[in-house]
Amino acid sequence: MAENDLMDKIVSLCKRRGFIFQSSEIYGGLAGAWDYGPLGVELKRNVKNAWWQSVVHHRDDVMGLDASILMHPTTWKASGHTDNFIDVLIECKGCNKRLRQDHLKNGKCPQCLATVFSEPRNFNLMLKTSIGAMEDSSSVVYLRPETAQGIFVNFANVVDSMHRKLPFGVAQIGKAFRNEITPGNTTFRTREFEQMEIEYFCRPEDAPAKYEEWINARYQWYLDLGMDKTKLKLRKHEQDELAHYAAGCTDVEYEFPFGLSELEGIANRTDYDLKQHAQFSGKDLQYKDPVTNEKFYPYVIEPSGGCDRATLAFLVDAYHEEIVNDATRVVLRFHPKLAPIKVAVLPLLKKNDGIVDLAKKIKHDLQKDIVCVYDDTAAIGKLYRRQDEVGTMFCVTVDVQSLEDQMVTVRDRDTMKQERVAVAQLKRYLLDKLK
Ligand code: ATP
């Protein structure tokens, strides 16, 4: 399958089956903004929950935070975003498209292959708005371009309230906004997106080891959720790619149909951010060792991932086509933790009240512990195909026999094998399989 065809198929499935819609589509859409439909929101929430579990709940040394999107404008002066968060913008003289200079392909416009461009100019990616009743320069605030700064400005609050000793981390999931010059590839590059970021504070001498630990932990997270290892790469940044304060950065990249692209970056940011905020706020943001009373600025390791990019990568990775009985079966082979629907309960005959009632009863009992749906809008073969196409782990079918023996047929998405299971044991059976 040509790679663009594959992406087109996935985008079309996403729309048709309620994963991802274009934002404000009835008005022609808004570039760089997307909406998650009923199945997309479940999938994305599962991605976020899996991340939170892995980096907060399953560890001893990381706590969560939820900082506001609007922050004091000096935050962005201190972090360097006001002056340096820029892309170099050029306009192609061939097709008049505005481009990022670093997105040229061998000096050519990726759209029309022209080689003549306007003078480059710096373009700040922060989205501005204003707060309060007066719209003057004193009311200007920015929609945060990253969640990380919300963690740095709360460093002292977290230390004081949680009494943690180094090393420890603070994790956050939240919206970020960037006025991207060329949003594209569906939810890969958008102007409004969600980040999943950790700032992990440690003693300066421990930073190199913690940096390596986090690279491995974050790479392994994608693999543990079933991502194809042959498509997941680590790329160490060259010295000339690093920000002046960074002591190292490694990207986790995924082989999308449109090319190898960044899912997440893990950086050793040294003590730059805390020192900057201390300088601009006049507050002492040093860490005081409770035993030795020694004061110093911790170093920070930052694993910074995109929730939307991870979700898109899991979708692409899950997409499979196979031939079954001379027909193409499309199946999303999501990891059980990520599948938006775990179980579909299907009555074999929707005209039989007994079957329908039992199927609905089973669904209502299961839904207290397992995300499930009931569907009786087509014949069973079609219902199976529909559930495969959205990655539902199991289909439970209720038939005439079920009314007599209180057994149902459970079909496994991946093997398509069917098994008879007693209704009384069904929830336990499914919960065990979903583990
Ligand atoms: P890129 O080089 O692709 O623009 P970046 O290196 O600027 O990304 P970071 O600033 O390191 O990205 O942001 C951390 C993570 O946030 C990225 O790895 C990505 O997953 C996500 N992210 C950044 N920009 C966007 C965007 N415009 N749309 C969706 N996700 C994004």
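The model is predicted, so local features need pLDDT of at least 70 and side-chain atom pairs pLDDT 80 or more, while totals for chains, interfaces and linings use all residues. Residues are numbered from 1 along each chain as its sequence is written, and side-chain values use heavy atoms, with hydrogens and water left out.

The shell around the ligand holds three nonpolar, five polar and seven charged residues. Of the 15 residues around the ligand (a heavy atom within 4 Å), E180, R189, T190, E262 and L263 come nearest. Strands β10 (192-202), β13 (259-268) and β16 (299-306) each supply at least two shell residues. Strands are DSSP runs of E with at least two residues, and helices are runs of H or I with at least four, numbered from the N terminus.

Several N or O pairs fall within 3.5 Å, the cut-off for a polar contact. A polar side-chain atom of E180 lies 2.8 Å from a ligand nitrogen. A polar backbone atom of F188 is 3.3 Å from a nitrogen atom of the ligand. The side chain of R309 places an N or O atom 3.1 Å from a ligand oxygen. Alone, the ligand exposes 590 Å², and the protein buries 81% of that (Shrake-Rupley method, 1.4 Å probe).

Helix α2 (residues 38-57) packs against helix α9 (residues 307-318) at about 110°, with axes 10 Å apart. Axes are lines fitted to C-alpha atoms over the stretch in contact, and angles run from 0 to 180 degrees between N-to-C directions. The two helices, α2 and α9, are therefore roughly perpendicular (65 to 115 degrees).

Definitions and conventions
A polar contact is a pair of N or O atoms within 3.5 Å; within protein, one must be able to donate a hydrogen and the other to accept it, and residues adjacent in sequence count only if both atoms are side-chain atoms. Ala, Val, Leu, Ile, Met, Phe, Trp, Tyr, Cys and Pro count as nonpolar, Asp, Glu, Lys and Arg as charged, and the others, Gly among them, as polar. Angles under 35 degrees count as roughly parallel, over 145 as roughly antiparallel, 65 to 115 as roughly perpendicular and the rest as oblique.
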